[in-house]
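Subject: Structure handover and findings

Hi,

Here is the structure for you to look over. My notes follow below it.

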Amino acid sequence: MPDDELVELKFRIYDGSDIGPFSYSPSSTVSMLKERIFAEWPKDKKIIPRAASDIKLINAGKILENNKTVGQCRVPFGELPTGVITMHVVVQPSLAKAKTEKKVDDVPRKHFCGCSIL
């Protein structure tokens, strides 16, 4: 595969630092990108994803779906041939985890009324 077909991507995390740039084939899926980001995530950050599924990728204002390929997600910017595309990374725990954690938090919070009616 020739180098000119590869897409160069870097990933900007919440504090403005970048992961990458890395070169990907246009047939690489968003799920594959998330796995790479999870593996390369800096360990010294305050927010660390627990799994690749906690990562959301945003490109051109749209959240990318796992089954889409890099070629499908790439927006033509006047076709910058040598440009590095920056995707934004958001760490968001999956909904199932958030619901179970909420149920655990609700258990100890029972309120009792100490009012007396005379």
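Does Ser 28 count as buried or exposed? At 9% relative accessibility, Ser 28 counts as buried. Here buried means under 20% relative accessible area, exposed means over 50%, and partly exposed is in between, with a 1.4 Å probe and protein chains only. Ser 28 sits in the loop between S2 and H1. Its contacts, leaving out residues up to four places away in sequence, are Lys 68, Thr 69 and Val 70. Contact means heavy atoms within 4.5 Å.

Two notes on conventions. This is a predicted model, where local features need pLDDT of at least 70, side-chain atom pairs count only at pLDDT 80 or more, and totals for chains, interfaces and linings use all residues. Residues are numbered from 1 along each chain as its sequence is written, and side-chain values use heavy atoms, with hydrogens and water left out.

The sheet

Helices (H or I, at least four residues) and strands (E, at least two) are DSSP runs, numbered from the N terminus. Five strands form an open sheet: the 5 strands have the order S2-S1-S5-S3-S4, and the pairing is mixed. The edge strands are S2 and S4 (62–63), each of which pairs on one side only. Two strands pair if DSSP finds at least two bridges between them. S3 and S5 run antiparallel and are joined by 4 bridges. H1 packs on this sheet and touches S1, S2, S3 and S5. The direction of H1 makes about 120° with that of S3. Axes are lines fitted to C-alpha atoms, for helices over the stretch in contact, and angles run from 0 to 180 degrees between N-to-C directions.

Ile 55

Ile 55 belongs to strand S3 (residues 55–59). Its relative accessible area is 0%, so Ile 55 is buried.

The core

In soluble globular proteins, nonpolar side chains tend to be buried together. A nonpolar core here is a set of buried Ala, Val, Leu, Ile, Met, Phe, Trp, Tyr and Cys residues joined through side-chain atoms within 4.5 Å. The largest one has 19 residues. Leu 9, Phe 11, Leu 33, Ile 37, Leu 57 and Val 89 touch the most other members. S1, S2, H1, S3, helix H2 (70–73) and strand S5 (85–91) each give two or more residues to this core. Leu 33 is in contact with Leu 9, Phe 11, Tyr 24, Leu 57, Val 70 and Met 87, leaving aside neighbours within four places in sequence.

Aromatic pairs

Rings of Phe, Tyr and Trp (its six-membered ring) pair if their centres lie within 6.5 Å; planes under 30 degrees apart count as stacked, over 60 as edge-to-face and the rest as tilted. The count is 2 aromatic pairs. Phe 11 and Tyr 24 have ring centres 6.4 Å apart and planes at 70°, so the pair is edge-to-face. This pair links distant parts of the chain, with Phe 11 in strand S1 and Tyr 24 in strand S2, 13 residues apart. Phe 22 and Tyr 24 have ring centres 6.5 Å apart and planes at 75°, so this pair is edge-to-face. Phe 11 and Tyr 24 are buried. Phe 22 is buried too. Ring pairs link Phe 11, Phe 22 and Tyr 24 into a cluster.

Salt bridges

A salt bridge is a side-chain nitrogen of Lys or Arg within 4 Å of a carboxyl oxygen of Asp or Glu. The count is 4 salt bridges. One of them joins Lys 10 to Asp 18, with the closest N and O atoms 3.5 Å apart. Asp 18 also meets Arg 12, at 2.6 Å from N to O. Asp 18 is partly exposed at 33%, and Arg 12 is partly exposed at 27%.

Lys 45 pairs with Asp 15, the closest N and O atoms being 2.6 Å apart. Lys 45 lies in the loop between H1 (30–40) and S3, and Asp 15 in the loop between S1 (7–12) and S2 (18–24), so the pair ties together parts that are 30 residues apart in sequence. Lys 45 is buried at 17%, whereas Asp 15 is partly exposed at 39%.

Best regards
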